[in-house]
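Please look at the sequence and the fold shown below, and keep both in view while reading the report that follows.

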Amino acid sequence: MASEILIPFIVFSCLFGIVYLYLTTRNKERMALIEKGADASLFNSGKKFGFGEVVLNFAFLAIGIGVGVLVGALLEQGGMDSDVSFPACIFIFAGLGLVTSFFVNRKLSKSE
């Protein structure tokens, strides 16, 4: 009974602790750099994902998972064990969806 309450509490506490430690350490590093006279543009390195790229990533991932479930069901009807066909097809097609999303995002960012 007590473990049913403690396990989620411990998991969320660890996640909170990791995020808190990351954010406070990053803030301290940035403040130290600012005190030493570093340029503020140093913190804006790299391209940020926009809302469109995130939605596109999730869309291709969802399409890949859907196709993976469909192909897994077809393989199960063909005689393959469902314990193997469903997870394998879901992971394979979800990965293919993410790879496709990467190439589409790269093509869109080059055209802009």
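Counting a disulfide as a pair of cysteine sulfur atoms within 2.5 Å, the total comes to zero disulfides. In general, a disulfide is a covalent bond between the sulfur atoms of two cysteines. Cys14 is partly exposed because its relative accessibility is 46%, and Cys89 is buried because its relative accessibility is 7%; here buried means under 20% relative accessible area, exposed means over 50%, and partly exposed lies in between, with a 1.4 Å probe and protein chains only.

This is a predicted model, in which local features need pLDDT of at least 70 and side-chain atom pairs count only at pLDDT 80 or more, while totals for chains, interfaces and linings use all residues. Residues are numbered from 1 along each chain as its sequence is written, and side-chain values use heavy atoms, with hydrogens and water left out.

Next comes a pair of helices, where a helix is a DSSP run of H or I with at least four residues, and the numbering starts at the N terminus. Helix α2, residues 51-77, packs against helix α3, residues 82-111, at an angle of about 150°, and their axes are 7 Å apart. Each axis is a line fitted to C-alpha atoms over the stretch in contact, and angles run from 0 to 180 degrees between N-to-C directions. Helix α2 is therefore roughly antiparallel to α3, a word used for angles over 145 degrees. The crossing of the two helices, α2 and α3, is right-handed, which is the case if the near helix is turned clockwise from the far one by less than a right angle. Sorted by class, the contact of α2 with α3 holds 17 nonpolar, ten polar and two charged residues; Ala, Val, Leu, Ile, Met, Phe, Trp, Tyr, Cys and Pro count as nonpolar, Asp, Glu, Lys and Arg as charged, and the others, Gly among them, as polar.

Gly64 lies in helix α2, whereas Ser101 and Ile90 lie in helix α3. The table gives their contacts, meaning heavy atoms within 4.5 Å, and leaves out residues up to four places away in sequence.

| Residue | Relative accessible area | Contacts |
|---|---|---|
| Ile90 | 25%, partly exposed | Ile65, Gly68 and Val69 |

How far apart in space are Gly64 and Ala94, C-alpha to C-alpha? Although 30 residues apart in sequence, Gly64 and Ala94 are 4.3 Å apart in space. Ile90 and Thr100, by comparison, are ten residues apart in sequence and 15 Å apart in space, C-alpha to C-alpha.

Key. Angles under 35 degrees count as roughly parallel, over 145 as roughly antiparallel, 65 to 115 as roughly perpendicular and the rest as oblique.
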